[in-house]
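Good morning, and thank you for coming. I shall present one protein chain and describe how some of its parts are arranged.

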Amino acid sequence: MTAIQSKLPNVGTTIFTVMSQMASEYNAINLSQGFPDFPVSEKLIDLVYQNMQIGHNQYAPMPGLPQLREAIAAKIKNTGGIKLNTETEITVSAGATEAIFSSVLATVNQGDEVIVLEPAYDCYIPAIELAGGKVIPVGLNLADFKPDWQKIQDKITEKTRMIIINFPHNPSGAILTETDVAALKKILEENPQLLILSDEVYEHIIFDGNTNLSVLKDEFLASRSIAVSSFGKTFHATGWKIGYMVAPETIMKEIRKVHQYNCFSVHTPSQFAMAEYLQNEQTYLGVSSMYERKREFFQEAMQKSKFKVIPSYGTYFQLLDFSEVSDMDDMEFAQYLIKEKGVASIPVSAFYSDRQDNKLLRFCFAKGEETLQKAADILCKI
Ligand code: PMP
Ligand code: GLN
């Protein structure tokens with residue numbers, strides 16, 4: 001056997017796959033991996049089918065179908081964003097994961113430092129490491145999962161190339177405020193070498209009348225940022241793996257050099273279908289209220305439990321603090337819940353590079369009410 005030296009020696013199988021597999025093995029209610037259990041719109045499915053039938057089955061243009069890039073630009077403009085050049089500043093990607101990977105590979109050089117706010121979604125660190133960058137983890141405040149901008153500022157050196165942010169935030173559901181945006185702008189003004197990678201995949205799942213404070217809503221921020229989103233989240237079609245990235249032309253030129261060899265182009269009939277589907281803005285503007293009802297339902301159903309419900313302002317995730325319920329660490333407790341109680345969740349320690357345990361589990365509420373009620377009934381009895 002020829003041995004190879006691992007480029008990612010600390011990486012195993014992602015926690016989402018591990019917990020979903022375990023849920024299936026023990027026949028547990030799966031609120032672990034984030035995916036909806038309800039159907040994609042009939043209209044969108046019909047549009048994909050029609051486009052397959054009329055022969056839109058060969059390679060799409062490398063940066064994405066022009067009509068879809070136009071529709072994405074219109075969506076961004078409609079939701080308060082800046083006007084974009086669809087030729088040069090938008091690229092359709094194979095989900096947000098590919099967008100993040102291609103963006104990091106294109107912009108982070110050997111030895112560059114990248115600040116990652118933890119708890120952090122698990123695809124950022126491997127991308128930085130494969131690019132030869134150095135990960136600088138900075139914890140979000142434990143009380144409310146907000147960024148501590150002074151702490152971030154203190155970690156910036158002349159080698160800091162990028163800060164990765166993700167709001168609405170997976171796993172906590174925290175969102176940005178205007179004060180955060182002002183602090184971020186100040187950091188960029190003071191550090192001309194810095195770029196922001198803004199993972200906004202949950203941009204259309206935000207509650208209580210708030211709207212996502214996208215980096216694309218401000219000319220200056222947009223000029224220094226790569227923004228990433230995912231139709232998987234917005235149209236509850238996580239299996240379609242279609243997303244997009246937005247960046248200034250000079251940066252996008254480099255990102256496309258990676259995208260064209262990492263992916264080249266994305267499923268053509270789906271791109272035609274989404275371009276048309278997006279013409280009705282209700283398709284994305286109505287998503288928040290649908291999930292807000294689910295958040296209310298799940299939180300209400302958890303009222304009588306010993307778990308502490310942490311406020312969730314966006315995403316389809318709910319954190320529950322189990323410190324009054326068990327002394328186990330979060331990984332042990334998540335496994336116990338699957339094996340002994342039949343409910344699967346994600347231990348939040350998996351989102352920290354030092355695997356710190358804060359007695360928090362993440363539950364996905366993108367599920368039918370019956371499923372959420374069943375899970376809550378079990379959890380309330382513990
Ligand atoms: N970023 C975050 C924060 C996510 O939760 C996810 C989702 N699963 C992704 C990126 C990846 O999105 P996609 O499935 O479109 O690749
Ligand atoms: N983003 C999803 C989550 O946070 C999982 C995606 C995946 O399994 N790769 O649960």
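Helices α4 and α10 cross in a right-handed manner. Please bear in mind that this is a predicted model. Helix α4 covers residues 95–107, and its axis lies 8 Å from that of α10, at an angle of about 120°. The two helices are therefore classed as oblique to each other. On the α4 side, the residues that meet α10 include Glu98, Phe101 and Leu105. On the α10 side, Ile251, Ile255, Val258 and His259 are among the residues in contact.

Why do we quote both an angle and a distance here? We do so because two packed helices are described by the angle between their axes together with the distance between those axes.

Let us apply this description to a second pair. Helix α2, residues 42–53, and helix α11 have axes that come within 8 Å and cross at roughly 135°. That angle makes α2 oblique to α11. The contact draws on Lys43, Leu44, Leu47, Val48, Asn51 and Met52 from α2. From α11 it involves several residues, among them Pro269, Phe272, Met274 and Tyr277. The crossing of α2 and α11 is right-handed.

I turn next to helix α3, which spans residues 66–78. It contains 13 residues and reaches 18 Å from its first C-alpha to its last, close to the 18 Å expected. Which residues of α3 are buried? They are Leu68, Arg69, Ala71, Ile72, Ala73, Lys75 and Ile76. These buried residues pack against the strands β2 and β8 and against the helices α9, α10, α11 and α12. After α3 comes glycine 80, which has a positive phi, near 90°.

Now consider a residue in a loop. Where is serine 353 placed? Serine 353 sits in the loop that joins β12, residues 346–347, to β13, residues 360–364. Its relative accessibility is 42%, so serine 353 counts as partly exposed. Leaving aside residues up to four places away in sequence, serine 353 touches Glu118, Ile125 and Pro137. Serine 353 is 286 residues from glutamine 67 in sequence, and their C-alpha atoms are 40 Å apart in space.

Finally, a word on confidence. The chain has an average pLDDT of 97, and 100% of its residues score at least 70. Confidence is lowest in helix α1, residues 15–25, with a mean of 96. It is highest in strand β6, residues 195–199, at 99.

Thank you for your attention.

Terms used: Residues numbered from 1 in each chain as written. Chains lettered and ligands numbered in written order. Predicted model: local features only at pLDDT ≥ 70, side-chain atom pairs only at ≥ 80, totals over all residues. Heavy atoms only, no water. pLDDT = per-residue confidence, 0-100. Helix = DSSP H or I, 4+ residues; strand = E, 2+ residues; numbered from the N terminus. Expected span 1.5 Å × (residues − 1). Buried < 20%, exposed > 50% of the residue type's maximum accessible area, 1.4 Å probe, protein only. Contact = heavy atoms within 4.5 Å. Axes fitted to C-alpha atoms, helices over the stretch in contact; angles between N-to-C directions. Parallel < 35°, antiparallel > 145°, perpendicular 65-115°, else oblique. Left-handed = near helix turned anticlockwise from the far one by under 90°.
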